[in-house]
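The notes below follow the order in which I checked things.

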Amino acid sequence: MRKLPSEFFTHDDTLEIARELLGKTLIVPDLKGNRVSGKIVETEAYLGPEDKAAHSHNNLRTKRTEIMFAKGGVAYVFFVYGMYYQFNVVTGKMNVPHAVLIRAVEPVDGIEIMRERRGKMPDKNLTSGPGKLCIALGIDKNTNGLNLSGEKVWIEDGENIPKSEILASGRIGIDYAEEFVEKPWRFCVKQNPFVSR
DNA sequence: CAAGTGATTAGC
DNA sequence: CTAATCACTTGC
C-alpha cells in the first residue's frame, strides 16, 4: 500500500479530508519494528479559527496548539482528562490551524500487541474510541509533531468509502461549542462495529 | 451514571 | 500564583 503524499493533507477542504481518511490505514510500528495498524472508520474535523470547538479557535496560539499552524501532514497529539491522548492529523496550508481527529480504527496488523497494551478487553473494544486507539497503537506525547511522511507514524492508501456508506453527525464531547455543537463534522463508516459509542 | 486524573488555560 | 476545565473511559 502507498503512503499518502503530503498533498493529501494540504488540500483546502478539511471536511473533505476528514471524509477521505475513512478507509485509510494508520500505521505506528512498535519499538521492535512490528507493524501495528488500523483502518480508520471514524473522524472529526476541527476547522480552526471559526470553529468554537477547536483548540485553535480565534487563532489561539499556545505551546499546545502551535503544531496546528504547521502545514498539513504532521501529527497533533494532546492529553485530556488526566489520562488519555488523542491523535489528530494537521491539515491545510501553513498558518491555517485545521485538524482531523481520528476517533476510531479497526485493527489490522499487530492485534496481539494491541490486546496486550489494552489489557483484557474484547477485540471490538481495542480501538473503538480516540483514547483507546492511542493506547492500542502506542501513541503518546512523543508522537506529537511527527511528520506523517516519516518512519514512526504514517497513513497508507486504502479502499475508498463511497459517500453512501458514510454517516455524518454532530461531534462528541464539545457541549461548550454553542452553535457548532450540531455541525455534522463527524464522519463514520456506516454499520462498522469499531466506531465509538 | 459518576469518578478519576493531571496538563493546560485564563484570570488574578 | 490559583482554580476551572476538559475533542474520554471504565466500572459501578
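I count a residue as near a molecule or strand if one of its heavy atoms lies within 4 Å of it. This is a predicted model, so I note that local features need pLDDT of at least 70, side-chain atom pairs count only at pLDDT 80 or more, and totals for chains, interfaces and linings use all residues. Residues are numbered from 1 along each chain as its sequence is written, chains are lettered from A and ligands numbered from 1 in the order written, and side-chain values use heavy atoms, without hydrogens and water.

**Strand C**

I looked up DNA strand C and found 21 residues around it. The closest are His 55, Asn 88, Gly 131, Gly 173 and Tyr 176.

Next I listed polar contacts (pairs of N or O atoms within 3.5 Å). A polar side-chain atom of Arg 103 is 3.2 Å from a phosphate oxygen of DNA strand C. For Ala 53, a backbone N or O atom lies 3.5 Å from a base nitrogen of DNA strand C. E4, E5 and helix H4 (130-137) are the elements that give two or more residues to the surface near DNA strand C. Helices (at least four residues) and strands (at least two) are DSSP runs, numbered from the N terminus.

**Strand B**

Which residues surround DNA strand B? I find Leu 60, Thr 62, Arg 64, Phe 79, Tyr 81, Gly 82 and Met 83. A side-chain N or O atom of Thr 62 is 2.5 Å from a phosphate oxygen of DNA strand B. A polar side-chain atom of Arg 64 lies 3.4 Å from a phosphate oxygen there. Gly 82 has a backbone N or O atom 3.3 Å from a base nitrogen of DNA strand B.

I then followed Tyr 81 into the loop between strand E3 (75-80) and strand E4 (84-91). Tyr 81 is exposed, at 70% relative accessible area. Exposed means over 50%, buried under 20%, and partly exposed in between (1.4 Å probe, protein chains only).

**Positive phi**

Most residues other than glycine have a negative phi. Asn 59 has a positive phi of about 60 degrees and sits in the loop between strand E2 (37-46) and E3. Asn 59 is partly exposed at 39%. Asn 95 has a positive phi near 70 degrees. I place Asn 95 in the loop between E4 and strand E5 (98-109), partly exposed at 45%.

Note on methods: A polar contact is a pair of N or O atoms within 3.5 Å; within protein, one must be able to donate a hydrogen and the other to accept it, and residues adjacent in sequence count only if both atoms are side-chain atoms.
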